[in-house]
Amino acid sequence: MNVNLTPKPINFKFGEYINKGFELLKKDFGGVFVGFLVTLLMSIIPFCGLLAVGNYYKYLRKLTKNQPASAGEIFDFKDFMPYFILQLIIFGGMIVLYIPMIFIAVIGGAASYGSDEPSVMGPILMFPYMFIMFAVILYFALKGFYIPALITFKGVTDIKTAWNISKVMTKGNLLNIFLFSFVVGILSQIGVIACGIGIFLTFPFLYTANYFAFDDAIQQIEYDEITEIGITEKY
């Protein structure tokens with residue numbers, strides 16, 4: 001675990017992240033948009049989608065802190081391995097979840113064998129399993145919400161460690177994170193109304209809002225050595 005982190009449940013500031021996301025878009029739309037296009041370009045490279053987004057967050061951090069920022073910096077492969085491993089874990093997890101569906105299909109087919117009527121056994125088993133599968137995916141997605149922030153901003157390269165820290169950070173906030181992700185997703189899709197072209201104007205908001213959620217969370221768990229020294233001296 002990173003010695004500069006003190007994992008704890010995050011004070012999730014739903015409205016603040018959304019407002020700051022819009023403010024950044026208004027303040028420096030050109031910089032945000034160019035970085036977004038470069039992120040899309042890098043995402044074309046196999047296994048580099050998550051890495052590109054992570055680098056985009058670093059780029060947005062520089063923009064918010066008025067530091068020199070170049071969109072070309074998004075083409076940085078320093079964090080490739082942890083994101084690559086994360087994608088392999090996600091891929092493996094999805095395979096595990098889909099295996100029971102194969103058995104359900106086989107059972108449904110066997111039940112209808114020799115009959116002119118399709119068996120209801122398949123749908124009866126499939127619908128509850130689909131619900132369970134969706135719940136499992138949602139749970140892991142929400143509990144792992146802060147994993148990209150930990151990799152990108154704090155260099156936590158061990159996925160198990162990042163997962164354990166993210167579990168602590170999201171404690172008591174799963175509903176807030178779900179609603180935040182849902183609202184941000186809806187707002188970022190508004191551009192679809194303009195025949196799909198406008199999505200390039202609104203979709204970057206998804207990343208700016210997420211950036212502020214990640215940045216604030218990291219600040220809340222960073223170990224403040226100066227404060228700790230002051231507390232120690234008092235004793």
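Let me start with the largest pocket: 32 residues line it, and Ile 90, Phe 140, Ala 141, Leu 142 and Gly 144 are the ones nearest its centre. The elements that each put two or more residues into that lining are helix 3 (49-64), helix 4, helix 5 (121-143), helix 6 (147-154), helix 7 (159-169), helix 8 (174-188) and helix 10. Helix 4 gives the most, seven residues. The volume of this pocket is about 1100 Å³. Please keep in mind that what you see is a predicted model.

Now the overall picture. The protein chain has eleven helices and zero strands. The chain has 235 residues, and 37% of them count as buried. If we take the contacts with a separation of 6 or more, 73% are between residues 24 or more positions apart. The accessible surface is about 13400 Å², and carbon and sulfur atoms hold 70% of that.

On to the surface. Which residues form a nonpolar patch there? They are Phe 91, Ile 95, Ile 99, Ile 102, Phe 103 and Val 106, with about 620 Å² of accessible area together. Val 106 belongs to helix 4, which covers residues 80-111. Val 106 counts as exposed because its relative accessibility is 53%, and the cut-off for exposed is over 50%.

Helix 6 is a contrast in cover. How many of its eight residues are buried? Seven are, so the helix is mostly covered. The buried ones are Ile 147, Ala 149, Leu 150, Ile 151, Thr 152, Phe 153 and Lys 154.

Most residues other than glycine have a negative phi. Phe 47 is not a glycine, yet its phi is positive, about 65°. Phe 47 sits in the loop between helix 2 (29-43) and helix 3, and at 46% relative accessibility it counts as partly exposed. Asn 66 is another residue other than glycine with a positive phi, in this case near 55°. Asn 66 is placed in the loop between helix 3 and helix 4. Is Asn 66 buried or exposed? It counts as exposed, because its relative accessibility is 62%.

Next, salt bridges. The search of the whole structure finds seven, and I will go through some of them.

One joins the side chains of Asp 79 and Lys 58, at 2.8 Å from N to O. Asp 79 is in the loop between helix 3 and helix 4, and Lys 58 is in helix 3, so the pair ties together parts 21 residues apart in sequence. Asp 79 has 8% relative accessibility and therefore counts as buried.

Another is between Asp 215 and Arg 61, with the closest N and O atoms 2.7 Å apart. Here Asp 215 is in helix 10 and Arg 61 in helix 3, so the parts tied together are 154 residues apart in sequence. Asp 215 is buried, with a relative accessible area of 8%, while Arg 61 is partly exposed at 21%.

Glu 73 and Lys 62 also meet through their side chains in a salt bridge, 2.9 Å from N to O. Glu 73 lies in the loop between helix 3 and helix 4 and Lys 62 in helix 3, so this pair ties parts that are eleven residues apart in sequence. Glu 73 is partly exposed, with a relative accessible area of 35%. Lys 62 counts as partly exposed too, at 26% relative accessibility.

Thr 39 lies in helix 2 and is buried, with a relative accessible area of 3%. What does Thr 39 touch, not counting residues up to four places away in sequence? Ala 52, Val 53, Tyr 56 and Ile 74. Asn 210 is in helix 10, residues 204-221, and counts as buried at 12% relative accessibility. Leaving aside neighbours within four places in sequence, Asn 210 is in contact with Tyr 57, Phe 145 and Phe 180.

Last, Pro 123, which lies in helix 5. Pro 123 and Ile 104 are 19 residues apart in sequence, with their C-alpha atoms 8.7 Å apart in space. At 37% relative accessibility, Pro 123 counts as partly exposed.

How values were computed
Residues numbered from 1 in each chain as written. Predicted model: local features only at pLDDT ≥ 70, side-chain atom pairs only at ≥ 80, totals over all residues. Heavy atoms only, no water. Helix = DSSP H or I, 4+ residues; strand = E, 2+ residues; numbered from the N terminus. Buried < 20%, exposed > 50% of the residue type's maximum accessible area, 1.4 Å probe, protein only. Contact = heavy atoms within 4.5 Å. Areas by Shrake-Rupley, 256 points an atom, 1.4 Å probe, with all protein chains shown as cover. Patch = residues over 30% accessible without salt bridge, like charges linked within 9 Å, V, L, I, M, F, W, Y side chains within 5 Å. Salt bridge = Lys/Arg side-chain N within 4 Å of Asp/Glu carboxyl O. 1 Å grid on protein atoms, 1.4 Å probe; cavity = no way out; pocket = protein on both sides within 12 Å on 5 of 7 lines; lining within 4 Å. Points joined across faces, edges and corners; volume = space filled by probe spheres on them.
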